[in-house]
Amino acid sequence: MRIFRNISATIATLLLLGTALTLFLTILTGGTQTSILKKLYWLETDCSKYPGAPFNSRCRWTNYGLCAVENGENTNCTHAVAAYPFSPDRNFNSNEDLPSSFIDHSNYYYYTSRIGWAFTLIGLAFVVFSMLPYFLHIFIPNAVFTSLFWIMYVLAIIFTIVGISLSTAAFSRGRSKFRDDGAADTNFGTKTMAVAWTSFFLILFNLLFLSGSFAKWTKSSNKNSISNNDNYNSNSNYDSKNVDIEQTPIKKQSKFVTWFNKPISGNNNVNDTPNVANTAPSGGLSFTPVNARSDVKNGLQPVDNYN
């Protein structure tokens with residue numbers, strides 16, 4: 001069982017880092033023209049049939065602009081702007097020959113694509129922020145760190161799912177409209193879609209391993225707590241017994257013990273008092289002295305025996 005929990009914690013850590021990486025790539029799609037990002041885009045179509053398009057060739061929509069295509073890579077992109085909207089009616093210089101859907105529902109494409117990017121960015125932020133309490137809890141198990149992690153992780157799930165779903169919805173609808181207009185070669189950016197939806201599944205799938213890893217820490221913490229309480233109680237009982245033994249007053253035996261007001265000599269030292277049970281007169285007191293301190297420890301008190 002312990003091995004399973006250790007494995008769960010390791011896998012959960014790797015999946016958490018993987019989720020952050022894929023979300024980074026999703027957010028940075030088309031961010032540069034000099035790295036692997038130049039091959040990432042959301043949607044590609046033939047813009048040559050639209051007079052208002054900035055390129056008389058194939059073009060691609062990314063998160064930072066509209067780009068031409070050369071050798072399968074983004075090139076000659078427009079000025080980079082974060083959360084670049086997918087809205088041909090606004091991206092092109094004119095809406096001539098554009099499908100009517102892009103004109104009549106321009107706000108839908110504009111806000112859906114931009115909000116999708118923003119939500120995905122917020123989801124990424126919560127994933128990164130959740131790592132701090134997660135790693136702190138590994139080294140310092142604490143209920144506060146656990147609560148902070150789960151709050152941030154649940155928020156990350158919500159924003160990531162909504163963000164990726166909105167972006168996919170906008171570009172999916174746009175692809176359908178371009179194809180209906182005769183641009184049959186309009187395609188999704190396969191790599192971007194794969195990366196984005198990988199983030200979606202990783203953040204959900206990791207719930208299983210995160211639950212297993214946190215269950216390990218919770219059980220361990222409870223076990224230590226119970227063990228500490230038991231040790232405390234046992235030590236407390238031990239100390240209380242010692243206190244009882246040390247602080248219980250020892251009653252000194254009287255020098256004289258009477259029977260019908262007749263004195264019988266005794267010894268001041270209770271430990272050295274002789275056994276006079278056999279020498280007592282018939283009908284008199286039969287007294288068996290005991291070690292007072294020993295009897296106190298055993299919960300006993302000296303008693304007088306009468307015949």
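Glu 73 is partly exposed, with 23% relative accessible area. In this predicted model, the Glu 73 side chain meets that of Lys 38 in a salt bridge. The whole structure holds five salt bridges. The count of disulfides is two.

**Lys 38 and Glu 73**
- The salt bridge between Lys 38 and Glu 73 spans 3.4 Å, N to O.
- This pair links distant parts of the chain, 35 residues apart.
- Lys 38 sits in the loop between helix 1 (2-27) and strand 1 (43-46), while Glu 73 belongs to strand 4 (residues 73-75).

**Glu 44 and Arg 58**
- Glu 44 and Arg 58 pair through their side chains in a salt bridge of 2.7 Å, N to O.
- Glu 44 is in strand 1 and Arg 58 is in strand 2 (residues 58-61), so the bridge ties together parts 14 residues apart in sequence.
- Glu 44 counts as buried, because its relative accessibility is 10% and the cut-off for buried is under 20%.
- Arg 58, at 23% relative accessibility, counts as partly exposed.

**Asp 181 and Lys 49**
- A salt bridge also joins the side chains of Asp 181 and Lys 49, at 3.9 Å, N to O.
- The partners come from distant parts of the chain, 132 residues apart.
- Asp 181 lies in the loop between helix 5 (143-180) and strand 5 (187-188), and Lys 49 in the loop between strand 1 and strand 2.
- Asp 181 is partly exposed, with a relative accessible area of 29%.
- Lys 49 is partly exposed too, with a relative accessible area of 34%.

- Glu 44, Arg 58, Arg 60 and Asp 185 form one network, joined by salt bridges that share partners.

**Disulfide of Cys 47 and Cys 59**
- The sulfur atoms of Cys 47 and Cys 59 are 1.5 Å apart, and the two residues form a disulfide.
- Cys 47 is in the loop between strand 1 and strand 2, and Cys 59 is in strand 2.
- The two cysteines are twelve residues apart.
- Both Cys 47 and Cys 59 are buried.

**Disulfide of Cys 67 and Cys 77**
- Cys 67 and Cys 77 form a disulfide, with 1.9 Å between their sulfur atoms.
- This link is right-handed, with 110 degrees about the S-S bond.
- Cys 67 lies in strand 3 (residues 66-70) and Cys 77 in the loop between strand 4 and helix 2 (88-91), so the bond ties together parts ten residues apart in sequence.
- Cys 67 has 0% relative accessibility and counts as buried.

**Disulfide pattern**
- Counting bonded cysteines along the chain, the pattern is 1-2, 3-4.

Key. Residues are numbered from 1 along each chain as its sequence is written. This is a predicted model: local features need pLDDT of at least 70, side-chain atom pairs count only at pLDDT 80 or more; totals for chains, interfaces and linings use all residues. Side-chain values use heavy atoms; hydrogens and water are left out. A salt bridge is a side-chain nitrogen of Lys or Arg within 4 Å of a carboxyl oxygen of Asp or Glu. Helices (H or I, at least four residues) and strands (E, at least two) are DSSP runs, numbered from the N terminus. Buried means under 20% relative accessible area, exposed over 50%, partly exposed in between (1.4 Å probe, protein chains only). A disulfide is a pair of cysteine sulfur atoms within 2.5 Å.
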